[in-house]
There are 2 protein chains.
Amino acid sequence: MSVKEFPSLNEQQLQRLVYEVTQFGLSNGLIMYPPAPYSNYQPVLAPITIYPTPLPRDQFLKSLDIQLIYNKLYANIVSENEWLTNIIKTLSSSDKDFTGKLWDCYLKALNNGIVQDVSLSLTRSDYMYDELSNQIKQVEFNTVSVSFGGLSSKVGKTHQYLNQNGLYSNNGDNISTYYKENEIVISESDEKLATGLYTGVKYYNDKYLNGENKSIVLMIIQPNERNAFDQRAIEYQLSKNHNVITKRVELPNVLSMVKIDKNNSNKLYYQGLEVSVVYYRSAYGPSEFNQPETWDVRINLESSLSIKCPSLLTQLSGSKKIQQLLTKKDILSKFIDNDLEINKITDTFCKIYPLDESNDGLLARKLAFEKPDNFVLKPQREGGGNNIYKDDIPNFLNSIPKSEWEAYILMELIHPKIHNNIILRNGELLNDGIVSELGIFGTYLFNEKTGEILNNNVAGHLLRSKTSSSNEGGVAAGFGCVDNMYLY
Amino acid sequence: MSVKEFPSLNEQQLQRLVYEVTQFGLSNGLIMYPPAPYSNYQPVLAPITIYPTPLPRDQFLKSLDIQLIYNKLYANIVSENEWLTNIIKTLSSSDKDFTGKLWDCYLKALNNGIVQDVSLSLTRSDYMYDELSNQIKQVEFNTVSVSFGGLSSKVGKTHQYLNQNGLYSNNGDNISTYYKENEIVISESDEKLATGLYTGVKYYNDKYLNGENKSIVLMIIQPNERNAFDQRAIEYQLSKNHNVITKRVELPNVLSMVKIDKNNSNKLYYQGLEVSVVYYRSAYGPSEFNQPETWDVRINLESSLSIKCPSLLTQLSGSKKIQQLLTKKDILSKFIDNDLEINKITDTFCKIYPLDESNDGLLARKLAFEKPDNFVLKPQREGGGNNIYKDDIPNFLNSIPKSEWEAYILMELIHPKIHNNIILRNGELLNDGIVSELGIFGTYLFNEKTGEILNNNVAGHLLRSKTSSSNEGGVAAGFGCVDNMYLY
């Protein structure tokens, strides 16, 4: 199949399209809050592309296919407690502010006693489609607070509506569809992430509440969350499909609002309601961990009977260092014993080097200074925004103490295809080349002690796009938005 | 059944409720545009009550039951062309600016030739629950551009969500429902009004397009429509459930955007698309008819082959004068031949007097000056906002020429029950007594010449409420909002 460019519309058709995108999106909750001042009752349309962006169908199917393997892999990593904690301990000394603090929380929780071995993970594996290899390559595997699963479903529905209502028609008839029906695939991530949360709720209810559906999900959010409606979309699915109530509480307020009943198996209560699942949509960034109350929340809740989504160990399993280590076959094969599965996922790996004093590390230190143009330097922690690209790498490394180099990994750059699309943001159109990142959501419920995986699911997709003013390849700074793909 | 007051919540619970109402509403399209400056991408939560408002179940069921009779009645009135046009002609001379202009449009269209006898009507019969008689009493029967059918479904879902998620719980457990499930009834008006439009589309497609589903609905709207999302909700149902495309065009732009093919049965085209149904969400207020282009649109489209929703005659059948005449049994029985049906609807009538020189009219002129406190004076035209209440009636009548009195009807005041509720509007809470108006939607497709009714349906409900700072009874000036009922 050859790839279609987006339809070329005349000025009047384009205006009409923008009007339709906007009102369909607003009417269907494809919204966020604008930057401060934060007004609770006046949102704006979330930044989106007005057309779907091309992605090869086979690569999309592959990304779905391997999600269960990735889920299993990361569950297995967490249940290899000694292996994981040794690595995290080492990392903690070079990345004190983040990995170090999470590790500290874990140690303190351990000391208090961890009574719940079962843990829930809502993940997103992110890929870029690499033009050179014609393959998707993994950017990262996110194990905490993965976002945009709610809005992703809505942007797919928006593009589908536009297509079905002739708004993409450019053959003069104003009615025909431009994309075939099966070329636009709608993510069921809102529904499936809710179902993922429900697996945790149900496990808890069955085990501790005689199957009665009366516990709640406690969603721990950031103050003044601009992306509230992405979270809400999942919450409303959980209410509608599973009759489970979610309560939202801001991270700094948690401890004043909850009670852990030490006389009753460390059950967690929020306003008298028993909490089966603690769902973090916060507590993933270093700045949050600058506040002592964030630590206290993590430590306290970790010792409760509620199922954490994610637990501290599961969150830590997503560090870049682990991703780098998994590129070594001898390590990967510790966690996955099936060669076919190993091959499937290594296909999506980029070359990743440590910057430590191992042989690989020493090689990487050389490459970083000699061929920086092929690389991106990434801190271990998740969250993005702190990557150093190409020419900037040598200067950056020289600017920090050598002892901190180990907190970074050096990753071969992916060469993403640049597509044309139009981003609609704050009522303005950005007509530019964009690069896109595909995310596949997954959910798994597992026992961190025994390694038993109780539930493992793929949970839909996300396409995010950013303007790219150059063809340099890395995720250049730019205006990000929610997108959806047209499969070719 | 006794009526429950809304749950008394503490300050914290109330704040939480407001937060939940707001985000659920925004996430589900319960929105409007704020007043100017008009920004296409930044809506606000529509003004709503945060609790449902009590209404007796038997009266609600009755209002649904009689909607088909009302639909049939008004269809029959239109097909009694001579009777209707005689009345309208007389009215035109006293209400030149509105009835007169609509009548003028009709005469001109008639002169051009009216080729489509089948007409579609989306109506709303409005009632108040009268405390004195314990009955619903009809306020008016609207035959053009009836609104809030889209948002009504969403406010019902909002109240249901709040109830099911324990936000109304006031027994300290924060989880139990306050209303029983069947006490909150959700209006299916978004879906059913769309189905109503589809009956027109389907009739047209079957008759003129060999059953092919390729015509569109042309929705004619006002510029800078603040209530766009109410309209959109219906449009999206039409697309989703019936695969029919709606195009929106602003009233002043219609004639530059459409073409009537005089060589092909006066078929109407919009951007090359054949229009089966012209759906007016505009052209109902006197101020619109001050602009000559409004007339031209009405005249031209009336002569097209498209089915009008409504036709000029159907719109005119909704004038208050007709409503007043129907209170006379000898007139009513011209249109409804079944005594049971007659009794059912006359039960909902208020006493309405003409202000002309008939015996009834002369009596009314006396009452208006002697007992104004029992009455409201209403202009013939629809739309509201120009009613004169009680003590103001004598002065008002004295201020206009006697020749214009005939343009008004005198109506006995309804004594609505005043309920407590809290209106959320622009992020502020108005905690006051409210009065509510129940609207029942209906759709009917009929042949204006033969009187044959091709389709007749009830299409859901609406509850609108307004603050009432006094117990005077009439729809006092106040802040209106969308509401939904709890049935007791």
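Rings of Phe, Tyr and Trp (its six-membered ring) are treated as a pair if their centres lie within 6.5 Å. A search of the whole structure, which is a predicted model, finds 40 such aromatic pairs over all chains.

**Figure 1. The tilted pair of Tyr51(A) and Tyr168(A).** The ring centres of Tyr51(A) and Tyr168(A) are 5.5 Å apart, and the ring planes meet at 40°, so the pair counts as tilted. Tyr51(A) belongs to the loop between strand E3 (48-49) and strand E4 (53-55) of chain A, whereas Tyr168(A) belongs to the loop between helix H6 (149-164) and helix H7 (189-208) of chain A; the pair therefore ties together parts that are 117 residues apart in sequence. Because its relative accessibility is 1%, Tyr51(A) counts as buried. Tyr168(A) is likewise buried, with a relative accessible area of 0%.

**Figure 2. The edge-to-face pair of Tyr353(A) and Phe375(A).** The two rings lie 6.0 Å centre to centre, with 70° between the planes. Tyr353(A) is in strand E13 (residues 352-354) of chain A and Phe375(A) in strand E14 (residues 375-379) of chain A, and the pair links distant parts of the chain, 22 residues apart. Both Tyr353(A) and Phe375(A) are buried.

**Figure 3. An aromatic cluster that includes Tyr51(A) and Tyr168(A).** Ring pairs join Tyr51(A) and Tyr168(A) with Phe6(A), Tyr178(A), Tyr179(A), Tyr486(A) and Tyr488(A) in one cluster. At Tyr178(A), a member of this cluster, the charged end of Lys4(A) sits over the ring, 5.4 Å from its centre.

**Figure 4. A charge over a ring between Arg232(A) and Tyr19(B).** The charged end of Arg232(A), in chain A, is placed over the ring of Tyr19(B), in chain B. The distance from this charged end to the ring centre is 5.2 Å.

**Figure 5. Confidence along chain A, with residues 470-478 in view.** The mean pLDDT of chain A is 93, and 97% of its residues reach 70 or more. Over residues 470-478 of chain A, however, pLDDT stays under 50. For this segment the model has 17 contacts beyond four places in sequence.

Conventions. Residues numbered from 1 in each chain as written. Chains lettered and ligands numbered in written order. Predicted model: local features only at pLDDT ≥ 70, side-chain atom pairs only at ≥ 80, totals over all residues. Heavy atoms only, no water. pLDDT = per-residue confidence, 0-100. Contact = heavy atoms within 4.5 Å. Phe/Tyr/Trp six-rings, centres within 6.5 Å; stacked < 30°, edge-to-face > 60°. Helix = DSSP H or I, 4+ residues; strand = E, 2+ residues; numbered from the N terminus. Buried < 20%, exposed > 50% of the residue type's maximum accessible area, 1.4 Å probe, protein only. Lys NZ or Arg CZ within 6 Å of the ring centre and 35° of its normal.
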